Each structure stands twice: as C-alpha cells, then as structure tokens.
Amino acid sequence: MQNHSPVVKQLKLETVSPGSISRYWVHIVSSGMAQPILVPVMVARGKEDGPVLGLTAAVHGNELNGLPVIQKVFHLLRVEELRGTLVGVPVVNVPGFLINQRYFNDGADLNRLMPGKANGNISEVYAYRIINKIVRQFEYLIDLHTASFGRINSYYIRADMHDPVTARMARLQNAEIIVNNEGADGTLRSAAADLGIHAITVEAGDPHKFQKGMIRSAITGIANVMSDLDMIDEPIIEPEEPSIFCRHSYWLYTNAGGVLEVFPHITDFVKKDQRIALVRNIYGDVVREYFAPEDGIVVGKSVNPVNQTGSRILHLGIVK
Ligand SMILES: [Zn+2]
C-alpha cells in the first residue's frame with residue numbers, strides 16, 4: 001500500500017485535504033545509480049486550523065523506538081477531531097536505517113551538521129534538503145532518539161529550559177529526567193530552533209530494538225503536547241513521578257584502556273567520590289577505578305565492556 005503513496009519533490013502541507021491523512025515519499029537526493037532516495041512522511045491535517053507539530057525519528061539510523069511511536073500516534077489519531085496539522089517522519093536517515101547504522105552512508109553524523117549546506121557534501125546536502133523540503137514547515141518539533149550502540153539511556157528529554165515553550169513541552173513528556181541543553185551543536189533540534197520552531201529531543205531507551213515501555217511513554221508525551229496545544233481534546237496524563245531536572249550534564253570518559261564495568265544503574269543518584277566504574281586488564285587485574293566527580297544522577301551509561309582509552313563511562317546529570 002505504501003508504495004502507492006505519491007513521490008513528491010517538496011512536502012506541501014496545504015495540498016492535504018482538511019480532515020484527512022496523506023502519505024508521501026519525499027525525494028530528497030538521488031543515489032549513485034540515479035535512483036531517488038525517498039523519505040517517508042505522513043501528514044494528518046485537521047478540519048480546523050491550528051499548530052503544525054512535526055515528529056521525527058531515526059535521524060540516527062539505528063535508533064528505532066521512535067518509528068513505532070510515530071506509526072501508533074497516527075493510528076490512534078481521530079483526524080476528524082484534529083485541530084492543526086501533525087507531520088510524522090518515521091525515518092529521517094534512510095541510508096543509515098537500511099544498513100542498521102547510526103551514521104549517514106558517508107560516515108557523517110547527521111545530527112551534528114544540521115542545517116546542512118545547499119551545495120555541501122553528501123551528508124550536508126541531504127541535511128539541508130531534509131530541513132528545507134520538510135522540517136521548515138513545522139511550528140513545533142519532537143525529535144525522537146535513543147542511546148547509541150553499547151550504551152543505555154534513561155527516558156530523558158533534552159530541551160532549552162530557559163525557553164518557556166520548550167520547557168513546557170519537555171515537562172509534558174513525563175520523562176524520568178529532563179536535561180537542560182541550549183543546543184547550538186548541529187542537531188536537528190538546534191537547527192529547528194534557529195528557524196523559530198519550538199523543538200525538544202526525546203531520548204527513549206536503547207538502539208536496534210523496539211521497547212514497549214519506552215514507546216508507550218513517548219506516545220503519552222506526544223499526546224500531552226497535542227492536548228496542551230489544543231490540537232486534540234484528550235486529558236493531559238500527569239506523570240507518576242515528577243521528572244528530575246538537571247541544570248546540565250556531561251559524559252565521563254576513561255583514561256585507560258581495558259575491560260570496563262560501570263556500577264550504578266540508570267537513574268541512580270551517585271554521590272561525589274562514590275566508586276562508579278573500574279577497568280581490568282585482560283588477565284582480570286584492576287588497573288583503574290573511577291569515582292563520581294560530584295553529586296548527580298545517571299542519565300545514561302556504557303554497557304560495552306570493550307573500552308579503548310577515552311571510551312565513555314556514564315552520562316552524569318547535575319541536579320543542584
Ligand atoms: Zn540519536
């Protein structure tokens with residue numbers, strides 16, 4: 001059925017009939033065999049005018065929880081009651097998705113070079129066209145990610161918490177943790193913010209898999225934002241536990257190679273000087289121990305024991 005969806009050069013929201021859902025393949029670039037590389041897009045346009053909310057997933061091609069999130073939000077939506085327009089892009093990085101990898105097919109990280117360049121290299125021109133053919137039309141954006149290979153994440157939000165609109169969107173996600181992050185880092189979120197789009201990043205679980213709990217949580221967060229923007233009439237679901245707010249966060253790295261073990265669990269609070277990890281040589285002798293530099297909460301952590309010098313240990317969120 002999807003293959004009968006029209007191929008378009010440019011997403012045009014105004015061509016979707018009010019009160020209907022349309023599916024498109026947006027032609028972004030062409031491959032080395034002159035075949036189009038097509039990005040799937042779903043558009044639900046309400047009968048009444050209202051905000052344009054975009055949902056994007058798999059900017060990193062192996063971060064998959066966002067894909068069923070977007071599919072299910074569209075399946076659950078009653079478009080005849082919708083106000084405004086919902087746009088879903090279940091896979092942004094199509095070449096990466098097809099080869100099960102985070103990066104674009106030239107090896108670049110698409111989420112470090114947004115908004116790309118009109119006459120840039122392979123990944124830059126793809127990024128530029130994603131922004132200009134699709135994203136530019138959004139007023140609000142929720143960009144769905146997961147942890148990277150070899151790491152696990154809490155369910156957490158990255159948002160500029162000094163901006164009242166994005167702060168509100170972040171709180172509505174009912175996440176375990178919210179990390180204040182102003183962007184300006186080549187991410188889709190910061191490129192969208194530069195266009196005046198209110199954008200947050202949702203980090204929902206782990207790569208290369210579908211996780212039911214994470215998927216359900218992200219759907220609730222999106223529905224909450226849609227209710228808050230008066231796009232739908234559903235009640236806002238309150239969190240069971242309030243989100244832990246982190247002023248900022250950073251990764252800790254090893255300075256010795258070897259076999260890494262990280263002790264605290266995701267969302268554990270750690271105290272300054274608490275032992276958080278150790279590295280053994282290949283014979284099992286402990287060669288290095290690591291301690292928390294200050295009090296914080298574990299936002300994410302490495303679960304990959306193979307640690308070359310400079311590998312990540314854990315992502316520490318600073319609450320105070
Ligand atoms: Zn990601």
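Okay, let's start with two histidines: H60 is buried, and so is H145 (buried means under 20% relative accessible area, exposed over 50%, with partly exposed in between, using a 1.4 Å probe and protein chains only). Before I go on, this is a predicted model, where local features need pLDDT of at least 70, side-chain atom pairs count only at pLDDT 80 or more, and totals for chains, interfaces and linings use all residues. Residues are numbered from 1 along each chain as its sequence is written, and side-chain values use heavy atoms, with hydrogens and water left out.

So, what holds the zinc ion? Its protein donors are H60 (ND1), E63 (OE), E63 (OE) and H145 (ND1), at 2.0 to 2.6 Å. Donors here are N, O and S atoms within 2.8 Å of the metal (3.2 Å for Na, K and Ca), and water is not among the atoms, so sites may look incomplete. Along the chain, the donors follow the spacing H-x2-E-x81-H. H60 sits in the loop between β4 (48–57) and α1 (66–76), while H145 is in strand β6 (residues 140–145), so this pair, 85 residues apart, links distant parts of the chain. Helices (H or I, at least four residues) and strands (E, at least two) are DSSP runs, numbered from the N terminus.

Next up, N153, which is found in strand β7 (residues 151–153). N153 is buried, with a relative accessible area of 8%. Who does N153 touch? Leaving aside neighbours within four places in sequence, its contacts include T146, A147, E203 and M214 (contact means heavy atoms within 4.5 Å). E203 is 50 residues away along the chain, yet the two C-alpha atoms are separated by 7.3 Å.

Last stop, helix α4 (residues 164–171), where T166, A167, M169 and A170 are buried. Looking down the axis of α4, those buried residues fall within an arc of 160°, so they line one face of the helix; the arc is that of the directions from the helix axis to the C-beta atoms. P164 and R171, on the other side of α4, are exposed. And what do the buried residues of α4 pack against? That would be β6, β8 (155–159), β9 (177–180), β10 (198–204) and α6 (212–228).
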